[in-house]
2 protein chains.
Amino acid sequence: MKIELSRDNSNMSLVDQIFFGISERIDSSLLQRGTILPSVRKLAADLGVSIVTVHKAYKRLAKEGYIHIYKGKGAFISDRHKNTLSKYEKKTELSPFHWQQTIDDYIHRAQLVQYLQFSNPIQFATSVIYPKLLPTSLLAETMKSLVDKDPSILVRYCETQGDPELRNEMKKFLNKVYQLQIPIENIMITSGVQQGIDLVARSFIGPGDVVIMEQPCFTGAIDVMRSRGATILTAPVKQDGICLQTIEELCDRIKPKIIYTNPTFQNPTGTVMSEQNRQILIEIAEKYDILIIEDDAVGDLYFNNTTPPKPIKYWDRNGHVVYLKGFSKPLSPGCRIAALAASGIVFERLVAAKATTDICSPLLTQKAVLSFLQSDKMSPHLEKLRIALEVRRDRLHTYFSTHLEQLITYRQPMGGLNFWIELPCKYNAEQLLYQAVEHNILFLPGSACFAKNPRRNFIRLSFSSVSDKDLDEGAERFANLLRNSIK
Amino acid sequence: MKIELSRDNSNMSLVDQIFFGISERIDSSLLQRGTILPSVRKLAADLGVSIVTVHKAYKRLAKEGYIHIYKGKGAFISDRHKNTLSKYEKKTELSPFHWQQTIDDYIHRAQLVQYLQFSNPIQFATSVIYPKLLPTSLLAETMKSLVDKDPSILVRYCETQGDPELRNEMKKFLNKVYQLQIPIENIMITSGVQQGIDLVARSFIGPGDVVIMEQPCFTGAIDVMRSRGATILTAPVKQDGICLQTIEELCDRIKPKIIYTNPTFQNPTGTVMSEQNRQILIEIAEKYDILIIEDDAVGDLYFNNTTPPKPIKYWDRNGHVVYLKGFSKPLSPGCRIAALAASGIVFERLVAAKATTDICSPLLTQKAVLSFLQSDKMSPHLEKLRIALEVRRDRLHTYFSTHLEQLITYRQPMGGLNFWIELPCKYNAEQLLYQAVEHNILFLPGSACFAKNPRRNFIRLSFSSVSDKDLDEGAERFANLLRNSIK
């Protein structure tokens with residue numbers, strides 16, 4: 001457990017940083033019930049802080065129910081969600097792998113893996129699209145003819161930057177749909193948007209480097225930045241996107257290297273950054289020499305025939321934006337294909353990072369997406385998909401406004417895959433989740449989407465991944481759950 | 001450009017660390033001809049060292065031809081290989097992306113990408129297998145019937161750990177071939193061995209953490225460890241594998257976290273660690289609480305019917321070994337599939353890291369490899385492949401012993417894909433490569449395989465990736481090249 005402490009960060013005290021470093025590991029199940037924490041003395045020595053500082057952090061962890069301190073025995077992770085004190089069990093000491101506890105690791109949180117492990121029937125937690133809404137049989141047919149035509153795509157390595165044909169098709173797509181003019185030399189194929197974010201972080205972010213992120217934010221992006229030891233500052237998400245005033249105030253105080261934003265149908269809130277704000281954000285980046293990661297995972301999935309503004313990348317003159325366009329969600333999550341567009345040295349470094357990470361993405365999955373894009377079936381598919389998702393959103397909205405009006409607050413999303421639901425303050429969504437699992441439904445507790453100071457009374461509920469059949473049933477169970485727990 | 005300096009490292013002076021941090025970036029083309037280095041004063045301030053220290057490092061860089069210092073203008077990267085002084089050109093200043101030069105990056109070297117960019121006809125540089133030797137049409141057939149049977153594999157996400165069916169098949173394979181007993185819960189599918197190494201590094205290695213690596217070593221592993229800011233100590237590779245005496249001496253002085261080894265047909269030297277040494281290495285790991293990364297990319301590709309010793313993992317009692325078994329090279333480089341086996345917290349952390357990296361590997365490519373493993377065609381395929389590679393090795397060996405006997409030294413590899421060739425000291429393989437490109441052949445200069453103090457008179461020559469037709473032609477061009485440059 002490696003906690004990077006930032007001493008020139010008036011933003012958070014050392015006690016809070018230690019508290020947070022440990023609690024986020026517990027929240028994402030990296031530290032599990034019964035695990036013993038290092039002694040106060042040892043952790044203080046490891047981190048180079050006073051014993052009093054660690055002691056205060058442990059006391060706060062105990063107060064908030066994360067750990068239980070047994071005098072003379074040590075501090076053990078407790079089971080917060082069951083409201084029972086854990087008997088201190090040193091189960092790990094009995095295992096031959098016990099020595100592994102002495103290895104410091106650099107993983108702070110991993111929310112993504114946590115919710116992919118469940119396999120519950122009614123899945124509101126992962127924001128992927130119900131497979132029947134995807135062009136499966138079309139993909140299957142093109143795939144078969146591809147393999148027939150050139151079986152060698154199964155065995156060849158591909159360039160690190162990605163298949164030139166696919167990059168060319170991406171170029172055309174980005175130009176046609178968003179009026180982006182990106183030469184194929186500046187496009188790289190990545191294993192989904194997630195890998196794109198990771199490549200930028202591993203190339204440019206290290207311990208103590210400052211990143212500005214949205215609050216709340218896409219969990220996968222937080223996981224990546226935390227694992228690099230970044231100092232994360234947050235700016236709230238408003239109705240027209242990440243708060244630019246906060247960003248400017250932060251930039252005046254401390255030089256950030258990167259701003260991460262998901263401007264279109266933001267995950268989790270669903271908000272859209274206005275066109276004017278996109279242009280201003282570019283100006284801020286130019287003024288302070290900042291890189292922007294623009295995560296555009298679901299920009300194509302707009303509702304009510306209302307297209308969102310053009311990507312921030314459109315206004316990028318000097319190579320400030322690393323634009324990540326996902327093709328996973330609307331087409332094939334399984335294929336793990338996204339396009340990354342950037343310029344100059346920044347782009348060169350990202351290609352080098354990709355080679356170090358996994359050499360190249362599989363050619364087969366690239367060709368599968370290629371054949372679909374070439375077939376001119378992308379536009380009609382997206383058209384249908386938008387309608388199907390809009391119908392789902394409306395069904396849930398109708399149900400919620402009838403049955404939960406007094407209980408929950410949310411803004412109707414104009415695109416994307418999620419509702420971002422606020423519960424009354426007294427609710428704790430993490431505890432609700434444990435009851436939800438018993439009712440065979442799953443959602444994402446909103447706290448996972450906060451890079452710091454998590455708020456516990458939010459839920460991200462994805463309307464895209466359940467089957468049509470399960471949508472109403474799931475909504476009903478969700479409503480019952482909320483109503484029953486208010487008692 | 002972020003250079004992590006290790007101050008408690010008697011192993012290398014600060015001047016040498018700075019020299020090396022810059023020269024390896026130049027060697028792997030991350031810093032290119034004409035780029036201006038930061039001023040002595042600025043770099044000294046950034047690194048927190050004296051101006052004299054940086055000045056000495058720059059002087060050494062200039063002396064070895066890496067840079068050219070123009071009084072009052074600054075230090076510019078020069079073109080070493082052409083033996084011409086670079087006119088100092090500030091081409092990057094003219095570009096709108098010039099501001100990007102102010103962004104510190106964390107990429108130290110990226111040898112892999114460099115040699116994948118060329119597309120020369122006779123390719124001795126990349127150690128992949130000539131596609132016609134791979135079971136392409138079989139893979140194509142199984143792939144088509146897979147997609148027919150269940151088209152949804154094209155669109156579904158898969159568990160982060162990998163497809164359970166494939167993990168089960170991997171389990172059986174590892175048991176049958178190596179007598180390894182790994183439960184499927186402890187197997188994860190990664191995008192090639194490269195990603196496996198990267199996952200271990202990002203989970204457990206950070207700036208200043210000590211890693212012991214082979215010297216010479218697989219370039220991709222060095223790239224990964226350097227990008228994490230690891231302090232790399234090296235142990236020479238002897239005829240029976242990495243030198244254990246050196247490792248023990250290092251462990252007595254400084255606690256390493258990880259030992260990286262490629263024990264079977266080591267890349268690049270082709271050596272095999274003896275069974276006894278494998279057992280001793282485990283004992284060392286147990287004594288000093290060290291993790292071992294066992295890279296087994298080509299263990300199945302042995303010659304003369306002589307199977308190598310069982311993997312180090314076989315003797316692992318307490319979860320010290322992260323075993324990486326590649327399926328890319330012998331089956332399908334394009335599918336990017338490897339199996340990772342580990343235990344305890346270490347394994348859990350690696351799964352979390354995989355989720356953060358790219359969520360999961362594509363299901364389609366996993367199923368392709370699965371169908372091949374299930375078909376019982378793996379053994380006969382490997383059988384044939386071994387013979388084909390052995391024939392290639394022998395053909396080159398015969399040619400070399402007739403035409404280059406006086407000029408080059410190497411040990412006949414008993415498996416794997418490479419010759420590791422030593423030239424007389426006066427040769428510089430990097431400069432030779434520039435001539436080789438003009439002769440339309442490509443090899444890997446051995447210096448890329450050294451984590452520190454590169455030796456310039458080595459060449460890694462892969463006999464696996466050229467076509468049958470080109471093998472003799474390539475050998476002849478290589479021989480001519482060497483003979484002509486001795487004059």
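Two residues count as in contact here if their C-beta atoms, placed from the backbone, lie within 7 Å. Keep that cut-off in mind on this tour. The model is predicted.

**Stop 1: a helix across strands**

Select helix 9 of chain B, residues 219–227.

**Stop 2**

Show the whole sheet of chain B. It is open and has 8 strands, in the order 4-11-10-9-8-5-6-7. The pairing is mixed. Which strands stand at the edges? Pick strand 4 (187–190) and strand 7 (241–242) of chain B. Each has a single partner strand, so one side of each is left without a neighbour in the sheet.

Stay with strand 4 of chain B. Its pairing with strand 11 (residues 338–341) of chain B is antiparallel and runs over 4 bridges.

**Stop 3: a helix pair**

Select helix 10 (residues 244–253) and helix 11 (residues 275–288) of chain B. They pack at an angle of about 5°, and their axes are 11 Å apart. Angles under 35 degrees count as roughly parallel, so helix 10 of chain B is roughly parallel to helix 11 of chain B.

Show side chains. From helix 10 of chain B come Leu244(B), Ile247(B), Glu248(B) and Cys251(B). They meet Asn277(B), Ile280(B), Leu281(B), Ile284(B) and Tyr288(B) in helix 11 of chain B. By class, this contact has 7 nonpolar residues, 1 polar and 1 charged.

**Stop 4: the contact between chains**

Bring in chain A. The contact takes 79 residues from chain A and 79 residues from chain B. On chain A, select helix 5 (111–116), helix 6 (136–149), helix 8 (192–204), helix 9 (219–227), helix 13 (344–358) and helix 14 (363–374). Each supplies at least two residues of the side that touches chain B. Which helix of chain A gives the most? Helix 13 of chain A does, with 11 residues. Colour this side of chain A by class: 41 residues are nonpolar, 24 polar and 14 charged.

**Stop 5: the axis**

Superpose the chains. Chain A can be laid on chain B with an RMSD of 0.0 Å, by a turn of 180° and a shift of 0.0 Å along the axis. That is the relation of a two-fold axis. The same surface serves both copies: 100% of the contact residues of chain A recur in chain B.

Finish at Lys144(A). Of the residues of chain A, Lys144(A) comes closest to the rotation axis, with its C-alpha at 2.8 Å.

Technical notes
Residues numbered from 1 in each chain as written. Chains lettered and ligands numbered in written order. Predicted model: local features only at pLDDT ≥ 70, side-chain atom pairs only at ≥ 80, totals over all residues. Pairing = 2+ DSSP bridges. Axes fitted to C-alpha atoms, helices over the stretch in contact; angles between N-to-C directions. Nonpolar A, V, L, I, M, F, W, Y, C, P; charged D, E, K, R; others polar. Least-squares fit on C-alpha atoms with pLDDT ≥ 70 in both. Parallel < 35°, antiparallel > 145°, perpendicular 65-115°, else oblique.
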